[in-house]
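Here is a quick tour of one protein model, with a look at some loop residues and a pair of helices. Have the viewer open as you read.

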Amino acid sequence: MPLARQVFDRTESMNGPQTISCTTFNILAPIYKRLGGGMRESDFYASWHSRNVSILDRLLHLKSSVICLQEFWVGNEELVKMYEKRLGDAGYLTYKLARTNNRGDGLLTAIHESKFRVLNYRELLFNDIGDRVAQVLHVELCGNVSQTGVIKKQNEALFINTHLIFPHNSRYCFLRLQQVYKILRYIRSYIENRVLPVPVILCGDWNGSKKGHVYKFLRSQGFESSYDIAHACADDIEDSQKWVSHRNHRGNICGVDFIWLQNPQKTHKPLKNSFMEAILGNIKVISTFPRLSFRLVLFLIAYYLS
């Protein structure tokens, strides 16, 4: 799967302008990579090892400030050590998080020590059908102190790395919305408890395109796609076809890997209001299914707002 990378605008620090970059990359865990005949790449050491060496070579060549990986094979000790060793030697701090119920894969986030200092690290376990998880890192730019000794809060940020469940059918869209809602609710609580209006950067494989309700939900909360910003894309259907990240396991060409940015100074709708609009939008889409009863609709609304 191709990686998505974004270089952000220059941010002033005591050492002068700094360029901050971020890379998000679903590296396709060998336990999921199909080779035909029921075989998986994990059965062939040379195959998965050489592919991951190439992935690391590419990541180290890019030298991004932050690296967010999904489908990281946390269940393989040798692969984990290889990533930790090479990234560590290159100046990165690494944080890994396995999916719940021993699914074998998970997330890895790497922060370059020359760019950021990690102030806080949290793990979100959704405990849902897909055993999905998320990582939250509160960071500040290195050299984030003025000449008077005052810490400059505007040079702090929250980075989130996640991988939403694949929409096997239309009903999985409700689960994906709930996963995003949990992330945003946690972010809101975290920021409010610290009275800290900081930029938020959401990275990962969202398993949904610009046409979906997850995209609309995030847009209603003030998030902008870094790809849209860089390429001056709009939210319309025509522009939704421009970003292609990979071909999925069904053979469909799609664009689902995003780096989302939220400016803390911009206003947005109340979180629950936006969430309800997204839920109702999904209900409208699947209401053509004959077995979707009114009672089920009420249950879905009550469940997702609980």
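## An exposed loop residue

Asparagine 102 counts as exposed, since its relative accessibility is 76% and the cut-off for exposed is over 50%. Bear in mind that this is a predicted model.

Where does asparagine 102 sit? Look in the loop between β8 (92-98) and β9 (106-112). Its backbone is worth a glance too: asparagine 102 is not a glycine, yet its phi is positive, at about 50°.

Is arginine 99 buried or exposed? With 9% relative accessibility, arginine 99 counts as buried, because buried means under 20%.

So what does the side chain of arginine 99 make a polar contact with? One partner is the side chain of aspartate 105, at 2.8 Å. There's also aspartate 131, whose backbone oxygen lies 3.5 Å from a polar atom of the arginine 99 side chain.

Leaving out residues up to four places away in sequence, arginine 99 touches Tyr32, Asp105, Gly106, Gly130, Asp131, Arg132 and Val133.

## Another positive phi

Leucine 28 is a residue other than glycine with a positive phi, near 55°. You'll find leucine 28 in the loop between β4 (21-26) and β5 (34-36).

Leucine 28 has a relative accessible area of 19%. That puts leucine 28 in the buried class, because the limit is under 20%.

## Two packed helices

Two packed helices are described by the angle between their axes and the distance between the axes. Here, helix α1 (residues 45-62) packs with helix α2 (residues 77-89) at an angle of about 20°, and their axes are 11 Å apart. So α1 is roughly parallel to α2, because angles under 35 degrees fall in that class. As for handedness, α1 and α2 make a right-handed crossing.

Which residues make the contact? From α1 come Tyr45, Trp48, His49, Asn52, Val53, Ile55, Leu56, Asp57 and Leu60. From α2 come Glu78, Leu79, Met82, Tyr83, Arg86 and Leu87. Sorted by type, the residues in the contact of α1 with α2 come out as 10 nonpolar, 2 polar and 3 charged.

Terms used. Residues are numbered from 1 along each chain as its sequence is written. This is a predicted model: local features need pLDDT of at least 70, side-chain atom pairs count only at pLDDT 80 or more; totals for chains, interfaces and linings use all residues. Side-chain values use heavy atoms; hydrogens and water are left out. Helices (H or I, at least four residues) and strands (E, at least two) are DSSP runs, numbered from the N terminus. Buried means under 20% relative accessible area, exposed over 50%, partly exposed in between (1.4 Å probe, protein chains only). A polar contact is a pair of N or O atoms within 3.5 Å; within protein, one must be able to donate a hydrogen and the other to accept it, and residues adjacent in sequence count only if both atoms are side-chain atoms. Contact means heavy atoms within 4.5 Å. Axes are lines fitted to C-alpha atoms, for helices over the stretch in contact, and angles run from 0 to 180 degrees between N-to-C directions. Angles under 35 degrees count as roughly parallel, over 145 as roughly antiparallel, 65 to 115 as roughly perpendicular and the rest as oblique. A crossing is left-handed if the near helix is turned anticlockwise from the far one by less than a right angle, and right-handed if clockwise. Ala, Val, Leu, Ile, Met, Phe, Trp, Tyr, Cys and Pro count as nonpolar, Asp, Glu, Lys and Arg as charged, and the others, Gly among them, as polar.
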